[in-house]
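Dear colleague,

Please find the structure below, followed by a summary of what was found in it.

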Amino acid sequence: MLFKIYSKKYINKTRPYDGIEGLLNLLAEKNIKLAVNSNKKDQYTKNLIYKFFDGIPFIDVYGERENIQIKPDPTTALEIAENMNLKPEEILFIGDSKTDVLTAKNAHMESVGVLWGFRDREELSKYGAKYIVSDWKEILDIVR
């Protein structure tokens with residue numbers, strides 16, 4: 001029942017966190033390659049990204065896909081790295097949960113845990129986030 005409700009309302013009820021569109025634009029202006037790796041259904045992920053971030057030049061936008069394990073399995077993260085022509089260790093994997101931190105570890109990527117999402121500093125630290133940020137501007141400092 002909840003899934004049916006979500007599938008009808010997610011596009012109207014979801015909003016980006018404050019500052020994220022600006023962050024993505026700044027990163028894109030610096031020619032930093034961007035991608036999305038979500039555990040939401042693939043079509044939901046694409047619909048949300050194209051609704052809110054249509055002008056951002058993402059290399060890939062992936063959600064849950066058939067026959068591919070979801071995060072923290074590194075398959076999609078490594079596919080993104082390959083499509084970016086980057087080594088995994090050259091990538092910052094940014095997320096708000098232990099699943100994201102573990103995905104980064106499993107893919108041999110640097111992890112950035114963000115505190116404006118679903119989890120707190122303690123969880124992100126416990127699972128080994130290399131960086132933990134409370135403001136999107138801190139990501140710019142890490143990238144520099």
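Two strands are taken to pair if DSSP finds at least two bridges between them; helices (H or I, at least four residues) and strands (E, at least two) are DSSP runs, numbered from the N terminus. The model is predicted, so that local features need pLDDT of at least 70 and side-chain atom pairs count only at pLDDT 80 or more, while totals for chains, interfaces and linings use all residues. Residues are numbered from 1 along each chain as its sequence is written, and side-chain values use heavy atoms, with hydrogens and water left out.

Strand 3 and strand 4 (residues 110-114) pair in the parallel sense over 4 bridges, with Phe-93 opposite Ser-111 in strand 4. Both belong to an open sheet of 3 strands in the order 3-4-5, with parallel pairing. Strand 3 (92-95) and strand 5 (131-133) are its edge strands.

Elsewhere, strand 1 (residues 34-41) and strand 2 (residues 58-64) run parallel and are joined by 5 bridges. Lys-41 has Glu-64 in strand 2 as its bridge partner.

The cavity search used a 1 Å grid over the protein atoms alone: a cavity is a set of points where a 1.4 Å probe fits but cannot get out, and lining residues have an atom within 4 Å of a point. The count comes to 1 cavity of 30 Å³ or more. Among the residues lining the largest cavity are Asn-37, Gly-63, Arg-65 and Thr-76. Strand 1 gives the largest share of this lining, 3 residues.

Yours sincerely

Note on methods:
1 Å grid on protein atoms, 1.4 Å probe; cavity = no way out; pocket = protein on both sides within 12 Å on 5 of 7 lines; lining within 4 Å. Points joined across faces, edges and corners; volume = space filled by probe spheres on them.
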